[in-house]
Amino acid sequence: MTHQQTIKLSTRGRGTTEITAMVSKIVQDSRIETGLANVFILHTSCSVILTENADPSVRRDLETLALRWAADGDPAYQHSDEGDDDMAAHGRNILAGSSITVPVSHGGLRLGTWQGIYLWEHRTHAHQRQIVVTVFG
């Protein structure tokens with residue numbers, strides 16, 4: 001059995017937006033008791049991540065790390081069609097990833113105590129984003 005739904009949301013620019021509740025609702029609506037939920041972002045300048053959901057400083061520190069991995073406006077970048085953050089955002093997507101898979105147990109997400117699912121926007125300005133959630137089991 002398979003169930004698929006798309007989440008559409010607006011970001012405020014660079015940073016994280018928790019989507020755990022939205023993904024959880026899709027899993028519950030699927031009526032699949034045991035299986036997997038794949039969460040996939042339809043963009044190349046943001047990511048879907050599984051990370052700490054209790055202390056917001058973890059997500060702020062991820063931004064610090066990302067600035068070290070892929071700095072905005074590096075003069076060595078050839079691709080800058082949409083501004084100084086363009087290539088850096090693509091690089092961050094490659095490093096952080098565009099999908100995650102979470103187990104489904106008893107009709108719900110099988111997350112650890114301190115885990116949450118987030119859209120991580122890598123662009124500095126607000127964007128409209130789409131995330132496909134596929135539940136199968």
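The text below takes the salt bridges, then a residue in a helix.

The model is predicted, so local features need pLDDT of at least 70 and side-chain atom pairs count only at pLDDT 80 or more, while totals for chains, interfaces and linings use all residues. Residues are numbered from 1 along each chain as its sequence is written, and side-chain values use heavy atoms, with hydrogens and water left out.

A salt bridge here is a side-chain nitrogen of Lys or Arg within 4 Å of a carboxyl oxygen of Asp or Glu. The count by this rule is seven.

| Pair | Closest N to O |
|---|---|
| D72 and R14 | 2.8 Å |
| D72 and R92 | 3.8 Å |

Buried means under 20% relative accessible area, exposed over 50%, and partly exposed in between (1.4 Å probe, protein chains only). D72 is partly exposed at 30%, and R14 is partly exposed at 25%. R92 is buried at 1%. D86 is buried at 1%, as is R123 at 5%. Salt bridges with shared partners join E82, D85, D86 and R123 into one network.

N93 lies in helix α3, residues 86–96; helices are DSSP runs (H or I, at least four residues), numbered from the N terminus. N93 is buried, with a relative accessible area of 7%. A polar atom of its side chain lies 2.7 Å from the backbone oxygen of C46. Leaving aside residues up to four places away in sequence, N93 touches H43, T44, S45, C46, S47, S98 and H122, where contact means heavy atoms within 4.5 Å.

Notes. Helix = DSSP H or I, 4+ residues; strand = E, 2+ residues; numbered from the N terminus. Polar contact = N/O pair within 3.5 Å; in protein donor to acceptor, adjacent residues only side chain to side chain.
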